[in-house]
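Subject: Structure handover

Hi,

Here is the structure I promised to pass on to you. Have a look at it first, and then read on for what turned up in it.

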Amino acid sequence: MPCAPAEAARSTLTDSDLWHYLARVSRSVIASPSPNRSVLELASQHAQPELFGSQGLNHPDRIATSPIKAVNVACVPQYSPLRYPGGKTWLIPHIRHWLQGLPSTPRLLVEPFAGGASVSLTAVMEGLVERCLMVELDRHVAAFWHAALQHGPELCDKVTRFDACRANVQRLVDQVPNSLIEAGFRTLVLNRTKRGGILAPGASLARSGENGKGISSRWYPDTLNRRLTAIHNHCSRLAFMEGDGLALLESISWQKSDSVFFIDPPYTAGGKRAGKRLYAHNDLNHARLFEALDERDACFLMTYDRSPEIEQLIERHQFHAVQVLMKNTHHARIPELVITPQPLFEP
Ligand SMILES: C[S@@+](CC[C@H](N)C(=O)[O-])C[C@H]1O[C@@H](n2cnc3c(N)ncnc32)[C@H](O)[C@@H]1O
């Protein structure tokens, strides 16, 4: 078994080292059934936990409002089968502006806090980047991505055959899955039938569902299968790894010209409770995240809620931020920050 990058000098690895490592791991672990399989495809089959090691001042007027508006999710194509709490479909026009404005098409977009991965999927499917690496710590979410990338057709088949009545969903809640496909399918069903798509412990199944239509009100087999099929069709350009996104960011000295980062961490700075309720993994050292991006001079776009702690970190690292007013589920407009190393969206 080759030596994992995390065991090597943390500061000297490059992203090509990473791909090299993945290629060697892939070769050593499986006799590939298809000689044409790409490193990306193989990487998504063999997530290596050891790769990641272990697991301003608040002056509202100093942050301008972005001239690009948050869009209603119905206005942009949705590619993720997961309805993810804190999902970033509303940010897609900003993402397009950012990636299309770069001097060349990035070879790799890294999404270290992937969740429903709406940005990675959009970037690959709209040809804004060559390939994406999605990283997520939650093992249930990870099971879904592994299953979607490795067993797309089988997952579609399960979606088609599933009757999303309360008894069947409850059976899945109580079940311990015995295969990767079953674990991934279970995550998909629970995500589409739990209140707000929340998978964190304590989240309950939807009672009346959307417009009182019951527990299956967000279970759209045809739409889900279309999205799963599109992911399957792009799987040579999508890789998924289960692990700590911050540790991955810190353990590789990413080559700036090759890699860009979309960062959407849980919003828990200052002990905020919303982020804690939404995700099983929400304990993040936000200061370390800012340092990692600054030290690597990374090309990134990061989102956060407005909080004094985050605004201080933006100021300390001399990053740039605009706010975007987006509507929450109760139709209240709340500001979110879009943070970049250079000004990108100033009015
Ligand atoms: C705000 S959500 C991302 C939502 C995503 N942008 C989307 O559009 O669906 C943050 C995600 O980060 C994950 N997470 C939290 N800590 C992590 C860590 N250290 N490494 C990787 N993922 C982590 C959470 O489980 C959650 O899925």
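Predicted model: local features only at pLDDT ≥ 70, side-chain atom pairs only at ≥ 80, totals over all residues.

In total, 23 residues surround the ligand, and the closest are Tyr84, Phe113, Gly115, Gly116 and Gly245. Two or more shell residues come from each of strand 2 (131-136) and helix 10 (245-251).

Seven strands make up an open sheet with mixed pairing, in the order 3-2-1-4-5-7-6. From one strand to the next, the twist averages 20°.

Helix 4 (residues 118-125) packs on this sheet and touches strand 1 (108-111), strand 2, strand 3 and strand 4. The direction of helix 4 makes about 170° with that of strand 2.

Some of the pairings, in case you want to trace them on screen:

- Strand 4 (residues 259-263) runs parallel to strand 5, joined by four bridges, and Phe261 stands opposite Phe300 in strand 5.
- Strand 5 (residues 299-305) is antiparallel to strand 7 (residues 333-340), with four bridges; here Tyr304 has Leu337 of strand 7 as its bridge partner.
- Strand 6 (residues 320-327) and strand 7 are also joined, by eight bridges, and run antiparallel; Val324 stands opposite Glu336 in strand 7.

Finally, there is a helix pair to look at. Helix 12 (residues 286-295) packs with helix 13 (residues 308-316) at an angle of about 20°, and their axes are 11 Å apart. Angles under 35 degrees count as roughly parallel, and helix 12 and helix 13 are therefore roughly parallel to each other. Their crossing is right-handed. On the helix 12 side the contact is made by His286, Ala287 and Phe290, and on the helix 13 side by Glu309, Ile310 and Leu313. By class, that contact has four nonpolar, one polar and one charged residues.

Happy to go through any of this with you.

Best wishes

Definitions and conventions. Residues numbered from 1 in each chain as written. Near = placed C-beta within 6 Å. Pairing = 2+ DSSP bridges. Axes fitted to C-alpha atoms, helices over the stretch in contact; angles between N-to-C directions. Contact = placed C-beta atoms within 7 Å. Parallel < 35°, antiparallel > 145°, perpendicular 65-115°, else oblique. Left-handed = near helix turned anticlockwise from the far one by under 90°. Nonpolar A, V, L, I, M, F, W, Y, C, P; charged D, E, K, R; others polar.
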